[in-house]
Amino acid sequence: SLVQIGCVRLAQPYLIQPVSLPAQATQKISVLTMTDGGSFYPVSVGVTATPPQPQAPPITAPDGCFPKPETLPTPPA
């Protein structure tokens, strides 16, 4: 099934899809990735019992792909 993860720029573990397996079981999973705009960057995929972030941050969040620039206070005249 297709799973789309939002845009991320920080090296944080994010949930792709939960998989539950009984003890001693094996399962083969194929992962195909595509970056926005045809860019290239390293991607690591792993399995862990530690829950990762449930979803990517909004693109305008401080840790999103396109954070809003900080507005500087106007100096007094």
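The lining of the largest pocket holds 25 nonpolar residues, 14 polar ones and two charged ones. Here Ala, Val, Leu, Ile, Met, Phe, Trp, Tyr, Cys and Pro count as nonpolar, Asp, Glu, Lys and Arg as charged, and the others, Gly among them, as polar. The space in this pocket is about 1,800 Å³. Of its 41 lining residues, Ile5, Tyr14, Ile16, Val31 and Val45 are the closest to the centre. A pocket is an open set of points on a 1 Å grid over the protein atoms alone, where a 1.4 Å probe fits, with protein on both sides within 12 Å along at least five of seven lines; lining residues have an atom within 4 Å of a point. Points are joined across faces, edges and corners, and the volume is the space filled by probe spheres set on them.

This is a predicted model: local features need pLDDT of at least 70, side-chain atom pairs count only at pLDDT 80 or more, and totals for chains, interfaces and linings use all residues. Residues are numbered from 1 along each chain as its sequence is written, and side-chain values use heavy atoms, with hydrogens and water left out.

Now take the whole chain. Buried residues (under 20% relative accessible area, with exposed over 50% and partly exposed in between; 1.4 Å probe, protein chains only) are 10% of its 77 residues.

Turn to single residues. Asp63 is partly exposed, at 29% relative accessibility. Asp63 touches Arg9, Leu10 and Pro57, leaving aside residues up to four places away in sequence. Touching is contact: heavy atoms within 4.5 Å. Asp63 and Leu10 lie 53 residues apart in sequence, yet 6.7 Å apart in space, C-alpha to C-alpha.
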